[in-house]
Amino acid sequence: MTHRILEYILRPLSDAGNNGVDIIYSDQVKHRCCTRVAGWTADHSESATIHAIYFNQCPLCECPADNLGDHPLSGFEYHKRDPIWYLKLWDVKDTTSFQTLGVKPIANILWTIPEVPWDIARADLLHTMFLGIIDHLMEWVQAFITEHNRLMVFEDIRRSILPYPQVFVPRKPYKHLSQVTEKKMRSILKIILAVFTATLRWKNDLPRPSVGQEVEFKKAITCV
Amino acid sequence: MHNYLRRFHEMKGVFLRFWARKAAKAKAEVVEQELKKQREARTHQQGSDDLSMAQRAQMDNEDQLECRFLINQALEERSDFNFPKIHLLSHYADQISWYGSLLQYSTKSCKASYKLFKNSYRRSNHVDAIPQIIQGYIWEHSFVMKKLKMEA
């Protein structure tokens with residue numbers, strides 16, 4: 001059903017790309033334009049629906065679900081998803097290959113409209129980065145600091161940051177923030193490394209960290 | 001950017017125990033309880049022995065460290081970072097060179113356009129809300145257009 005709706009939306013755009021369509025510009029002059037679909041801004045769940053893949057799969061490459069956490073070495077990246085190959089598999093009804101590739105065995109409209117690029121769903125910074133990875137990173141940082149009894153120091157350093165343009169320093173602790181927006185996340189991102197490093201290197205009123213802890217601190221700072 | 005990502009992926013294991021799944025947490029709880037029982041049994045056994053306070057404190061400290069190590073091991077055994085968002089970061093470096101700044105693809109502007117509909121829903125009586133949302137949206141839009149025409 002979703003792909004029928006997508007066809008209803010994308011097919012006229014594809015025809016307009018091939019044959020051209022008259023568009024009146026802001027200067028009231030009619031122009032013959034060949035429109036091209038360049039991107040579809042979508043978060044991961046929408047992207048998975050558009051590409052008809054399973055939720056734990058990458059929409060752009062054929063990385064197995066068990067290797068999503070590994071960074072591929074340069075030159076050893078996974079194959080990009082190939083709509084022509086998928087269309088051939090669909091024609092012979094090869095459902096086993098679809099299962100292996102993490103693709104749902106349904107007639108995907110993106111395979112049959114060549115004018116629409118396969119990687120139509122573009123990166124969504126809001127959900128993937130700011131409310132995704134950065135949110136998780138903040139949780140990990142909070143848990144790490146709590147484990148090493150430095151949460152109070154972290155909050156004190158964060159609060160002591162002076163006002164600066166485009167840097168929002170919330171008065172409340174991070175875990176008490178009810179609604180975190182992209183703007184807040186971006187400003188937190190600007191200060192997190194400095195505050196985190198200062199917290200782990202803080203020496204006043206705290207027991208001296210052991211050698212194991214020092215190694216962990218260095219790793220955590222590099223990671224952040 | 002690839003270098004930063006590589007370093008992040010090399011070092012992210014430090015945070016793995018905080019990304020533990022439910023199964024790993026359950027396993028860690030079991031390990032913790034077992035260790036607690038063992039510790040209690042050992043304390044009970046050594047109760048009659050003549051140990052100095054310093055020796056006891058040292059043993060407690062060693063026990064705590066061992067306990068923490070085993071719990072962390074149990075948490076990390078069954079956990080991984082295999083979720084799509086962390087993998088998508090590796091594609092962003094290429095996408096910047098292909099399509100330019102990624103900020104132009106953020107869904108922030110799309111989310112901002114929900115505001116009028118949300119306001120209309122809040123003004124409705126929440127019973128059969130869809131016609132009221134549409135009506136409210138039309139009113140608000142008409143007022144904005146009227147204001148723009150008057151200012152022009």
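**View 1. Thr181(A) sits in a loop of chain A.** In this predicted model, the loop joins α7 (151-159) and α8 (182-200) of chain A. Helices are DSSP runs of H or I with at least four residues, strands are runs of E with at least two, and both are numbered from the N terminus. Thr181(A) counts as partly exposed because it has 15 C-beta neighbours inside 10 Å. The cut-offs within 10 Å are 20 or more other C-beta atoms for buried, 12 or fewer for exposed, and in between for partly exposed, with C-beta atoms placed from the backbone. Leu131(A) is 50 residues away along the chain, yet the two C-alpha atoms are separated by 7.8 Å.

**View 2. Chain B has 7 helices and 0 strands.** Its C-alpha atoms fill a box of roughly 95 × 50 × 30 Å along the principal axes. Of its 152 residues, 11% count as buried.

**View 3. Chain A meets chain B.** The contact takes 36 residues from chain A and 33 residues from chain B. Residues are in contact if their C-beta atoms, placed from the backbone, lie within 7 Å. On the chain A side, α6 (125-147) and α9 (211-223) each supply at least two residues. α6(A) gives the most, with 10 residues.

**Notes.** Residues are numbered from 1 along each chain as its sequence is written, and chains are lettered from A and ligands numbered from 1 in the order in which they are written. Local features need pLDDT of at least 70, side-chain atom pairs count only at pLDDT 80 or more, and totals for chains, interfaces and linings use all residues.

Definitions and conventions
Contact = placed C-beta atoms within 7 Å.
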